[in-house]
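This briefing sets out the architecture of one protein chain for computational work. Please consult the sequence and the structure below before reading the points that follow.

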Amino acid sequence: MVAPGLGFIMESMKTSVIGLLLTLASAAPAQVPAPAVIDWSADDSARAAFLQAHGRAYAKGSVTVWAPNDTFDVAWLNAFADSLAAAVSSLQSLIGGPFPWQRLGARPIHYYLSPGRFISHADGRGGVFISVALVRRRNAPYLHEAAHELLALQAPFAPFEYPDSVAQERAAAGFPFWLGEGLPDVLAQMTAAATGFPEGDVFAIGGLAKVDSVCAARLTASNRRAEILDRIGRPGYLEALRTTDRPQVAPVFYACSQSFTKHVVARIGLPATLALWTQIPQGTWRTALETAAGESLQRIRRSWLTRLGLPQDSIWGAALARLTPGRAIRVHHTGRGRIEGRFRSAAPATLTLDLVTSPTELSTAGLDSLWIRGNAARTGALVGAIPGAVAGVTLGVIANHVGCRDDGGDPCPEAVPLLGLAGAAGGALLGALIGSLIPKWHRRIP
Ligand SMILES: [Zn+2]
């Protein structure tokens, strides 16, 4: 059910240096210890190699299905690969094209039905990994993962594919991850309905006809609804999805991403939805959506809430629930214009701000935007790490050059990566320190 959209951030987190820097950079604001990060794609090359050595490929036009020997009935595999190829071709027709932006081109999608337990995912390079156990349970998201591959734009598209950590961070912050999972879901469900292909239902949503009520019920019941709702229709990654907290948030996030995408498709049509998908790298997907719909994203989110039967103040509630008292914020009031102050409290439909003179209560119905003042510590850390690492590596090379010797009289090449790492950490700390002094406004609504 993941990626390339989500492998993205996973990938960017893989290098230990960047992981270290992000930890350092986020150390400034108070934070509870993070749940452990999970990496579903770490064993992909081993899985593919295992199947190449101990399995068989069933090549059927748009797909090649790899299965381990003696695991499934050969006649069943042949028939399954035929029906999957037909369904993937139907999915391709639904998307249209072939388009020059499609990374997959004319290549088939390789499905690796692999032993072991792991989260189903696409690798963005034409590979889909699904566990044998899920195939046996007849609950695998074959078409959802195929859609990920068919929707992968030419690189760089996934945030981790950008050349440096600053660009990766910027791409991840602007990426509509709800669409990244919602669009494959909607396309897979439409294709399954049209072809009769048995697409799995990993999160027990029940299809497009039930997704709205399932999303509404799960959102209402979830004690993490604020952070989840804050990511539906808005850019940015829901961090809990790639941690051991995933089971708590994924069933809600996937249902609501599918529901909101279905709402967008109903509002502007599938071709216009695909058109805004291709504008993600330019950062213009939001403008494309608002132009096609003829209304603001906030209004689209509001009409979606109405459709779900959820209160209109849910969006404000989600954003305000994440604020701590004393936080500097800025709102735009339809009558009074821009107001800046410190957050004091929030009730279901009101927001109380400490202004210079006195506390002021505002009805959220009169507000159309919310900004939070943060600082540029994170950006500073990322920017500082690069010259720091370069300086450290340079120092290591010089040290070896002028005669760094260990006890046995050999050169000490380990000084190069060690000093590089130390330089990166030092640069990140310095950058975070400088960045923490630079105020930066972050838009939360719309
Ligand atoms: Zn997915």
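In what sense do E6 and strand E10 (residues 367-375) pair, and over how many bridges? The two strands run antiparallel and are joined over 5 bridges. The model is predicted, and the points below proceed from the chain as a whole to single elements and residues.

**Overall architecture**

- The protein chain contains 17 helices and 11 strands.
- Its domain assignment lists domain 1 (7-308), domain 2 (323-374) and domain 3 (377-445).
- Between the C-alpha centres of domain 1 and domain 3 the distance is 35 Å.
- Taken along the principal axes, the C-alpha atoms of the protein chain fill a box of roughly 80 × 75 × 35 Å.
- A compact globule of 446 residues would have a radius of gyration near 22 Å, and the 24 Å of the protein chain agrees with this.
- Of the 446 residues, 39% count as buried.
- Among contacts in the protein chain with a separation of 6 or more, 69% are between residues 24 or more positions apart.

- An open sheet is formed by 5 strands in the order E1-E2-E3-E5-E4, with mixed pairing.
- Strand E1 (55-60) and strand E4 (121-122) stand at the edges; each has a single partner strand, so one side of each lacks a neighbour in the sheet.
- E1 pairs with strand E2 (residues 63-68) in the antiparallel sense over 6 bridges, and Gly55 stands opposite Pro68 in E2.
- Helix H3 (residues 44-54) packs on this sheet and touches E1, E2, strand E3 (109-114) and strand E5 (127-131). The direction of H3 makes about 85° with that of E3.
- Helix H4 (residues 74-95) also packs on the sheet, where it touches E1, E2 and E3. The direction of H4 makes about 150° with that of E2.

- Within the pairing of E6 and E10, Val331 has Leu370 in E10 as its bridge partner.
- E10 also pairs with strand E11 (residues 439-445), in the antiparallel sense and over 6 bridges; here Asn375 stands opposite Pro439 in E11.
- Strand E8 (residues 350-354) and strand E9 (residues 359-363) form an antiparallel pair over 5 bridges, with Leu353 opposite Thr360 in E9.

**Helix H17**

- The 22 residues of helix H17 (residues 415-436) should span 32 Å at 1.5 Å a residue, and the end C-alpha atoms, 31 Å apart, agree with this.
- The buried residues of H17 include Ala415, Leu419, Gly423, Gly427, Gly431 and Gly435.
- An α-helix has 3.6 residues a turn, so residues three or four places apart point the same way.

**Selected residues**

- His332 lies in strand E6 (residues 328-333). Because 15 other C-beta atoms are within 10 Å, His332 is partly exposed.
- Leaving aside residues up to four places away in sequence, His332 touches Gly337, Arg338, Leu367, Asp368 and Ser369.
- His332 and Asp368 are 36 residues apart in sequence, and their C-alpha atoms are 5.8 Å apart in space.
- Thr287 is found in helix H13 (residues 285-293). Thr287 counts as partly exposed because it has 13 C-beta neighbours inside 10 Å.
- Thr287 and Cys404 are separated by 117 residues in sequence and by 57 Å in space, C-alpha to C-alpha.

Methods: Residues are numbered from 1 along each chain as its sequence is written. This is a predicted model: local features need pLDDT of at least 70, side-chain atom pairs count only at pLDDT 80 or more; totals for chains, interfaces and linings use all residues. Helices (H or I, at least four residues) and strands (E, at least two) are DSSP runs, numbered from the N terminus. The expected span of a helix is 1.5 Å times one less than its number of residues. A residue is buried if 20 or more other C-beta atoms lie within 10 Å of its own, exposed if 12 or fewer, and partly exposed in between; C-beta atoms are placed from the backbone. Domain bounds come from an automatic or database domain assignment. The radius of gyration is taken over C-alpha atoms; the globule rule is 2.2 Å times the number of residues to the power 0.38. Two residues are in contact if their C-beta atoms, placed from the backbone, lie within 7 Å. Two strands pair if DSSP finds at least two bridges between them. Axes are lines fitted to C-alpha atoms, for helices over the stretch in contact, and angles run from 0 to 180 degrees between N-to-C directions.
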